[in-house]
Every structure is written in structure tokens, then in C-alpha cells.
Amino acid sequence: MKRARIIYNPTSGRELFRRHLPEVLEKLEIAGYETSCHATTCEGDAKKAAANAVERGFDIVIAAGGDGTLNEVVAGISPYDKRPKLGLVPMGTTNDFARALHIPRKIDEAIDIIVKGDTIPVDVGLINNDRYFINIAAGGRITELTYEVPSKMKTVLGQLAYYLKGIEMIPSIKATNMRIEYDGEVFEGEAMMFLCGLTNSVGGFEKIAPDASINDGLFTMMILKKCTIADFIKIASLALRGEHLNDPNLIYRKASVVKVSPMAEDETIHINLDGEYGGDAPVTFTNLKRHIEVFAPITDIRELDRV
């Protein structure tokens, strides 16, 4: 009998997963998995639990929670040579990675995908040889939005919490003087933000990086150069429709390695990893091609992502 380890955030999704845990365990047991679970208690706990699951030889690890829980689980299993397959039950506010892989938000449907057993390899981002991300790494004042929204506000208001915080932050958005190296090219100057994406879903929107692939070994990289607030709002509006890629204020490239550093001693570039604070630049992002096998509905995935 194969063994499954569920790592879940008991506070995600208005605590819905906790209430449905008995049905989840029953369904996995019927499917032939000896299943146990771990409820996270604090920041970093999911990472430790995932690493422990690898060391104990579990065949699959299931992350039930938001993008932050998923990031920690990926960070826990990624350093190992022999990695378990990864299942996902999206319970967060945005669920970018699950959205990109067409994994449904309904708990029973997400578990059905794991039970069916189809998997697809996905890229993982490595930062400075010691941290990982599965969806995006970004920097710039506006990218601090996701981890500045209080957890209780996200629980009550959902996606609306991000919109309200974004409106609040607009007057404080300013450019940062930075150097970005990417596969032989260099940008030096003031930028509003940069983003290294592993999927086509960013902040719940699927047209910001329309041709991003989950397993081509390349980041989809965007640099938004210094511009006025009016131009910023215009580009943001275009991005929601996927019409922003030719804007002169935007650099849009593919790259396997990206290095970011501030150009002045008094400049600080906070790094956003999958919606959470991930330290400060200088940083180097490296794409680990097809690093983890993830359960997914293969027939629903875009043709360019199928392997």
C-alpha cells in the first residue's frame, strides 16, 4: 500500500478543509493510500513537515492551503534527490499555481485528480541556492501588496482584499534603482517592479504572462520601467486583457537564470516569493527544469504544457 501525507493549513478557506478531512481520508484510503495528516501551526511548519515526509518515505505529499502553504511544501521536498509526487487542494485566496494547472477549488474534485493518478512535471524556482518558489518571484513596491494584506482580511474579503490594498498603495508606488541580469542581457536603471513567473497565472489573472509554460525550463520575466502613476494604471489595465506586452515601458523576456541587485547602498529591494516576503536583494533565481511531479487533470492543461 502506498503512503500519502496531507499537510494542511487549518485556517485557509474559512477552515473548510478541516471540516471535510474525514471524507478526504476515506477517499484516499479507498484508493489504496495509507494516509496521515499534519495541521500546520506556524510559519515554516509546512516546510518542516514536508521534509519530514520525504525522509519517512511517503509516496505522495498533499498540500491543502493557499499559495503560502504550497510554497513551504515545495521548499520542503525540493532539496532531496528522491522527491514524492505532489498533490494540491487549493484553499487560499488566489491559488495561482492551482489555477494554472486547472486544479478545481472543490475539495472532492481536487482529491479525485490525485486519486486518478495523472501527473505532469513542473519547473521550480531556486533562489540563492537555499529557497524555492513554485509560481512567482518579484520585487518592487507594488509586489509587496500580497504579504501586506492581513490574513484575517483575506479570510473575510477574499480577492477583494487585494484590490482594496492595491488602491491604498497606489500613491506610495515609486521606482527602485536596480540591476537585472538575465541570460546574457542586462537592465540597469529605475524600475517599478520585476517579475519572474513560472506559470501564466499571476495574482489571479491569466493574461499577464500568457505564454508562460510550467515546464520549459524558463522563467517568464517582466521589468516595468519607471513611469508615471497614470502610465502604471494604464499598463495594469492592459495587462488584465493581455494587451500590455508591446508597451514601451515593459521588458518581456524568457530566461533560465536571473540576477537582481540594488544599484545604490540606500536602496532596498524586498523579494516576494509566491505571495510571501522572501528576503532582500541581491538574489539569483535559477530555474530547476521539471523538478517535481504534480497531480493534474492532463486533458485540461494547455497544449504547450503537456509533456
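Me: Let's begin at a turn. How many residues sit between E5 and E6 in their hairpin, and which turn residue has a positive phi?
Reply: This is a predicted model. E5 and E6 form a hairpin with 3 residues between them. Asn128 in that turn has a positive phi of about 55°.

Me: How many bridges hold E5 and E6 together, and how do the strands run?
Reply: There are 3 bridges, and the two strands run antiparallel. E6 covers residues 131-133. Gly125 stands opposite Phe133 in E6.

Me: Which strand is on E5's list besides that one, with 8 bridges?
Reply: That is E15, residues 283-295. E5 and E15 are joined by 8 bridges and run antiparallel. Val124 stands opposite Leu288 there.

Me: How many residues of E5 are buried?
Reply: 8 of its 9 residues are buried, so to speak a mostly covered strand. E5 spans residues 119-127.

Me: Back to Phe133. Buried or exposed?
Reply: Buried, because its relative accessibility is 0%.

Me: Moving to aromatics. How many aromatic pairs turn up in the whole structure?
Reply: A search of the whole structure finds 4. In one of them, the rings of Phe133 and Phe285 have centres 5.8 Å apart and planes at 90°, so the pair is edge-to-face.

Me: Which parts does that pair tie together?
Reply: Phe133 lies in E6 and Phe285 in E15, so the pair ties together parts 152 residues apart in sequence. Phe285 is buried, with a relative accessible area of 0%.

Me: And what is the geometry between Phe194 and Phe285?
Reply: Their ring centres are 6.1 Å apart and the planes are at 45°, so this pair is tilted. Phe194 lies in E9, residues 185-197, and Phe285 in E15, so the pair ties together parts 91 residues apart in sequence. Both Phe194 and Phe285 are buried.

Me: Which residues make up the ring cluster?
Reply: Phe133, Phe194, Phe219 and Phe285, linked by ring pairs.

Me: Where does the charged end of Arg3 sit?
Reply: Over the ring of Phe58, 4.0 Å from the ring centre.

Me: You mentioned E9. How many bridges pair E8 with E9, and in which sense?
Reply: E8 and E9 pair over 7 bridges in the antiparallel sense. Phe187 in E9 is the bridge partner of Ile180. Their hairpin has 2 residues between the strands, and Asp183 takes a positive phi near 45°.

Me: Which E8 side chains point to the buried face?
Reply: Thr176, Met178, Ile180 and Tyr182 point to one face and are buried.

Me: What joins E8 to E12?
Reply: 5 bridges, with the strands antiparallel. E12 is residues 257-262. Met178 stands opposite Pro262 in E12.

Me: New region. Which residues of H2 are buried?
Reply: Asp45, Ala46, Ala49, Ala50, Ala51, Ala53 and Val54. The helix runs over residues 45-55.

Me: What do those buried residues pack against?
Reply: Strands E1 (2-8), E2 (33-39) and E3, plus helix H3 (67-77). Just after H2, Gly57 takes a positive phi of about 80°.

Me: Take Ile62 in E3. What does Ile62 touch, leaving out residues up to four places away in sequence?
Reply: Arg5, Ile6, Ile7, Leu28, Gly87, Val89 and Ile114. Ile62 is buried, at 0% relative accessible area. Ile62 and Ile111 are 49 residues apart in sequence, and their C-alpha atoms are 9.3 Å apart.

Me: How many disulfides does the structure hold?
Reply: The count is 0. Cys42 is exposed, with a relative accessible area of 52%. Cys227 is buried, at 14%.

Me: Last one, the big picture. How many helices and strands are in the chain?
Reply: 9 helices and 15 strands. Of the 307 residues, 52% count as buried. Among contacts between residues at least 6 apart in sequence, 75% join residues at least 24 apart. The chain exposes about 13800 Å², and carbon and sulfur atoms supply 51% of that area.

Notes. Residues numbered from 1 in each chain as written. Predicted model: local features only at pLDDT ≥ 70, side-chain atom pairs only at ≥ 80, totals over all residues. Heavy atoms only, no water. Helix = DSSP H or I, 4+ residues; strand = E, 2+ residues; numbered from the N terminus. Buried < 20%, exposed > 50% of the residue type's maximum accessible area, 1.4 Å probe, protein only. Contact = heavy atoms within 4.5 Å. Areas by Shrake-Rupley, 256 points an atom, 1.4 Å probe, with all protein chains shown as cover. Pairing = 2+ DSSP bridges. Phe/Tyr/Trp six-rings, centres within 6.5 Å; stacked < 30°, edge-to-face > 60°. Lys NZ or Arg CZ within 6 Å of the ring centre and 35° of its normal. Disulfide = S-S within 2.5 Å.
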